[in-house]
Amino acid sequence: MYPEFTEEQKMLRETIKNFAEKEVAPLAYEIDRDERFPKESFKKLGDLGVLGITAPVEYGGAGAGYTEMCIIGEELAVVCCSTAATWGDHTDLCIDNIRRNANEEQKKKYLPPLCDGSKIGGLAMTEPGAGSDVLGSMRLRADRKGDYYILNGTKTFITNGPVGDVFVVYAKTDMGKGPHGVSAFIVEKEFPGFSRGKQFEKMGWRGSPTGELIFEDCKVPAENLMGKENEGARILMSGLNTERTSLAALSLGISRGAYEFSLKYAKERVQFGKPIASFQLIQSKLVDMAMEIELSRLITYKCAAMADKGLVEEMNLMASYAKLYTAGVGMRITTEAVQILGGYGYLKEFPVERMMRDAKLQQIGGGTDEIQRLIIARELLQD
Ligand SMILES: Cc1cc2nc3c(=O)[nH]c(=O)nc-3n(C[C@H](O)[C@H](O)[C@H](O)COP(=O)(O)OP(=O)(O)OC[C@H]3O[C@@H](n4cnc5c(N)ncnc54)[C@H](O)[C@@H]3O)c2cc1C
């Protein structure tokens, strides 16, 4: 059987599944409608010990791996992709980044409150003029002045931006060196010169707030440089494959949520005197959904296993396959789920409508479908 999970991993899945059904699902409709951060379930995820799933135990984490990270992301996304996204940004993009790249003092200071959920984390790379070409077009600058770096510029589209306390921020420390002049910083919301810009009103991921971060002569202590100066490109690139893997787990979760709901509905909904599941055209949709979920599961956990084996640098091709494939599956399955529910699928009181909106972002965030295709083509064409 592949993927094979250990007994501990199966127990973790069961725990998160129960938690998701009890604590996350009841909020899903409301946080989507009101575009609000689910602070109550977020704190409980901290109490459950899964915010710092990959952080070492001595810093308040669970000391587990990327397979566990994917299990959590998948199960949360089955019922609420917004909660999974907020969790993923905090846990993967912020905590795991600090775990991999920060020094001892930084880990001691920042990981414990992030792991217990008393602080909310995020990651800021994207800028108004720097999206897919994030390294080449970056304009946020950081100038060293004595014991501080002075940051000036704007980050945009930042998940948890409107509510976060601690952000990993990439900025140019050498404007003349292109991608080789980027550095990574840990920035607290209290630092002078830091402020939040607008919170965006979105199509999906609405319970996971997204916004701008503004840096106006923002004073960041030099000790908050993460890694070495001008080493930011390496740090940024080193997180992309695991980010794509955890986003694949979210897409897998959305697909499962939509499939499980529409399968049940198809068995119960009667038209022409029979459950609609007995019609072969509906069966055909369910067949494709189930098959694509199985394939999504295989590729997602293959990537997670590679990352757990320390093959993060070798998995460019696989991580892009996983991100691209599962996002497409998520979009197809949620769209078909709406179709299976007919008019009811179009109503907000049924979750497949929300899932379809959430699924679209999976084809954009964390590197668009087109960028994944560019990476795959580059890998295939290289000698
Ligand atoms: C809800 C949400 C949450 C996000 N969270 C975060 C976050 O927490 N932190 C963060 O830093 N960023 C975040 N992002 C930003 C996200 O990663 C970017 O939106 C994404 O990388 C694409 O960048 P862009 O939107 O500027 O699109 P662009 O790069 O302007 O792309 C526009 C279109 O052109 C295509 N394109 C671009 N270059 C090429 C090319 N060379 N060949 C072919 N096609 C190309 C793209 O695929 C896309 O279809 C978030 C975005 C959203 C919407």
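The C-alpha centres of domain 1 and domain 2 are 22 Å apart in this predicted model. Domain 1 covers 7–119, domain 2 covers 122–234, and domain 3 covers 239–381; such bounds come from an automatic or database domain assignment. Residues are numbered from 1 along each chain as its sequence is written. Local features need pLDDT of at least 70, side-chain atom pairs count only at pLDDT 80 or more, totals for chains, interfaces and linings use all residues, and side-chain values use heavy atoms, with hydrogens and water left out.

Let's look at where domain 1 meets domain 2. Domain 1 gives 25 residues to the contact and domain 2 gives 27, where contact means heavy atoms within 4.5 Å. Together they bury about 2,100 Å², with 53% of it on carbon and sulfur atoms; this is the accessible area (1.4 Å probe) that the two parts lose on being put together, summed over both.

Three salt bridges cross the interface of domain 1 and domain 2, each defined by a side-chain nitrogen of Lys or Arg within 4 Å of a carboxyl oxygen of Asp or Glu. Separately, Arg-206 and Glu-35 pair their side chains in a salt bridge, at 3.7 Å from N to O.

Which elements give two or more residues to the side of domain 1 that touches domain 2? They are helix H1 (7–34), helix H4 (81–101) and helix H5 (104–115), taken as DSSP runs (H or I, at least four residues) numbered from the N terminus. H4 supplies the largest share of that side, eleven residues.
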